[in-house]
Amino acid sequence: MSWSSLIPATSFMPIQATEIAKEVDLLYAFLIIASLVSFVILIGGMTWFLIKFKRTSLDQKSAYITHNNFAEFLWSFIPLVIMMGIFYWGMVIFEKLRTPPEDVAAEIHVTAEQWAWTYRYANGKEFYSSANDPMIIPAGKATKLILTSKDVIHSFYVPAFRTKQDAVPGKLTQLWFEPKQPGEYIVFCTEYCGTKHSGMMIKIKAIPSEEYAAWYHAEKKGADTPADLGKTLFAQKACASCHSIDGSRVVGPTMKGLFGSERKFTDGTKTKADENYLRESILVSSAKIVETYPAAMPLFQGQLSDEDVANLIEYIKSIK
Amino acid sequence: MSSAHTKTEHGHADHNYLNHGSGIWSWMTTLDHKRIGLMYFATVATLFLIGGFFALGIRLHLAKFGAEPLLDPDTYNKFMTFHGAIMVFMVIIPGIPAFLGNFVLPIQLGAKDVAFPRLNLASYYIFIAGAAIAASSMIFNQVDTGWTFYTPYSTAKTSNGVILLVLGAFTMGFSSILTGLNFIVTTHKLRAPGMTMDRIPLMIWALYSTSIIQILATPILAITLLLIGAEKTLGVGIFDPDLGGDPVLFQHFFWFYSHPAVYIMILPAMGVISELITAFSKKTIFGYRAIAYSSVAIAAVSFLVWGHHMFVSGQSTIAGIVFSIITMFVGVPTAIKLFNWISTMYRGTVTFEAPMLFALGFMFLFTIGGLTGVFLASTGMDVHFHDTYFVVAHFHYVMVGGTLMALMGGILYWFPKMFGRMTSDLGGRISWVLIFTGFNVTFFPQFVLGAMGMPRRYFDYLPEYTNLNQISTVGSWLIGLGFLVGLITIIHGIFKGEKATDNPWGAKTLEWQTSSPPPHENFINTPTVTAGPYDFR
């Protein structure tokens, strides 16, 4: 129990299923208090003046006051300081919401389409949400989602986790969460996507992590895991002629340990190799050229499906 | 202007702009800014009724009173789209500038008309043409994209009606640009002798800042809308990921216009409020310069905050943080205005006629709208609230609670000048009570719905949201009734209202120094200005 539970408005928030949800609600409680105080100062002050300075006779004279530099400085400066505080507080939470931890217990590729979600696990287990399968995740451990969409923009919103992220066609976005307790949590689509926008709902089912491990390994895997499929594709497309998998230097950078490493480019910029970087480098290799390497790779845009790309990424991730 | 030496004589009481030329043709071809303002009034009021019809339909459906849903999902999405598109592009954006601005700006400046009267009339017809094109999409090929037209939904997955609607918005954009241009030139070139830039009324400062946004931002919307048309008909691949485009790019373009557009909606409202507060407090406005410059500051910053609509769009975290901090800066000039208005009442002699009630209603609702805006500007908080009913409540508090309250207040305030008659004060007060109460009943529960997690643009929702939705719907009827009473009050005032004196409120700005209604060219003799605009001594 913290002071924030004294603020009635926080009781309207959904259950706090994650640590971050608690932090968001604390900021929310603070904003409610700050707003109430500001409202009372502004509207209370106004009401007081209205009563006190109500015109009572026709020949009444108003005071002649044009401005007051000190007052005006104060009511510009104080709000500015408060706003900067709120900005900073929000930023701290935002960075936590946006930065998945280094090791995640489950990584799920989520593909949105009108009006369903498909989720695919690293071992090839795949579910289509209209079959009413919840998304199974481990409780007490971090899960990372890699989101994309087949058609229009959708958005993956879990009120209980206070987080959401758009799923954008042609792009990979990510989202992570760590529910503390086992339970079922609603997922809404929050980016308008057409007729059945409001019907695009799924459930996340968090189960104890031992149970999750058993579930994950129990049933027959898909014929091939995404990484297996990616390996086959890697061979078919002759990627190995330019990219080694053992760390040796060929024409292009090696795949070994590539994922998550820092890449430096010929234009001097740097980035961490995440899913989106890999996707871009596979489809439009000329976008970012790694230092000391030639711009030699052909463009695969239009030749690989989103699923092919996702499989390749999973394969590259597996080359450690 | 009490201390101003204004050599205006009353026009012949029987000769004014309303009877200067008669017959429908004299109105349709008029170059008089006052008549053009009134034509905008009639047009915008009609469109407002249509937009309001869709709003009531949406709310009635969401109340789920019957066992069967009132609308099917497609119809609901179309209602939602037309409600938003009509209210934004055809009511709130043109409402105050094109109608009240057109009527008031030249008179307040002591000018005979706007700088380019023919262009002004052309703006009106361009607006009509745009509205007609947009409205034709209601008949031929209905649209269900929402007023934001996000790609690739709008380009790949829905009917070609989108092209009509965006073409209409594109056309209306020209009207907006031309009106803005006209106001800027008028403000610079046609001020009465003695009226320096620091003696122009605050309504003019607000319209001036708005005009700058209109001419700088509207072309971006025009280009964006053309690109949608091109994408849809020619498949150019700017936004389509299958062709190498970026759907999020559309959002950048769209909000680069549409965020500043929020200030096209609210700045003129702030101008109206500045006029009303000082007139009904019978006191010089507090901090004239601060209010004037804060309008310009809001206009400037408005161009740098569009990304706060996109915190969860896939835009980078650092971009989100930068847009968040800049957005916070908007809070400062806004707070300055609120404090200045309240200080204006301090040691004034305040009266509470209907226009003042609307101004006070504006203060109340806009304060809530502004404070909840801070919630949304804060990145960590916005992730939860983004695209929920919290946002719906927030922007209705700002746009409806702000702009429409100011518009109603402004109409009732300048009504005697427009028609030479008074509206019934009682009618105005009843209208205010209904709108103000109804507004809070409708939209306050939506903050709670948003906190609970109910997403916006939903045809259907979880059972736990039902009660609040029903309360909200009942509130919407009160608003509807309130505007109906307002409309009756206005129509009654036009035909049966008491005769108005030249300056019924005892206000100080120039428009009150000429007769009610003013003569064709506003003043018999050009006024000379010797002091600031609100010299209540």
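Predicted model: local features only at pLDDT ≥ 70, side-chain atom pairs only at ≥ 80, totals over all residues.
How much area do chain A and chain B bury between them, and what percentage of it lies on carbon and sulfur atoms?

Residues are numbered from 1 along each chain as its sequence is written, chains are lettered from A and ligands numbered from 1 in the order in which they are written, and side-chain values use heavy atoms, with hydrogens and water left out.

**View 1. The interface of chain A and chain B.** About 7300 Å² is buried between chain A and chain B, with 71% of it on carbon and sulfur atoms; buried area is the accessible area (1.4 Å probe) that two parts lose on being put together, summed over both. On the side of chain A, Trp75(A), Phe94(A) and Tyr192(A) lose the most area to chain B, together 10% of what that side buries. The contact (heavy atoms within 4.5 Å) takes in 75 residues of chain A and 87 residues of chain B.

**View 2. Salt bridges between the chains.** Between chain A and chain B the count of salt bridges is zero, a salt bridge being a side-chain nitrogen of Lys or Arg within 4 Å of a carboxyl oxygen of Asp or Glu.

**View 3. The open sheet that includes β9 and β10 of chain A.** Five strands of chain A, in the order β4-β10-β9-β6-β7, form an open sheet with mixed pairing; strands (E, at least two residues) and helices (H or I, at least four) are DSSP runs numbered from the N terminus, and two strands pair if DSSP finds at least two bridges between them. Because β4 (135-138) and β7 (163-167) of chain A stand at the edges with a single partner strand each, one side of each is left without a neighbour in the sheet. Strands β9 (residues 183-189) and β10 (residues 202-207) of chain A are antiparallel and pair over five bridges, and Val187(A) has Ile202(A) in β10(A) as its bridge partner.

View 4. Strand β5 (residues 143-149) of chain A runs antiparallel to β8(A) and is joined to it by five bridges, with Ile146(A) opposite Gln174(A) in β8(A).
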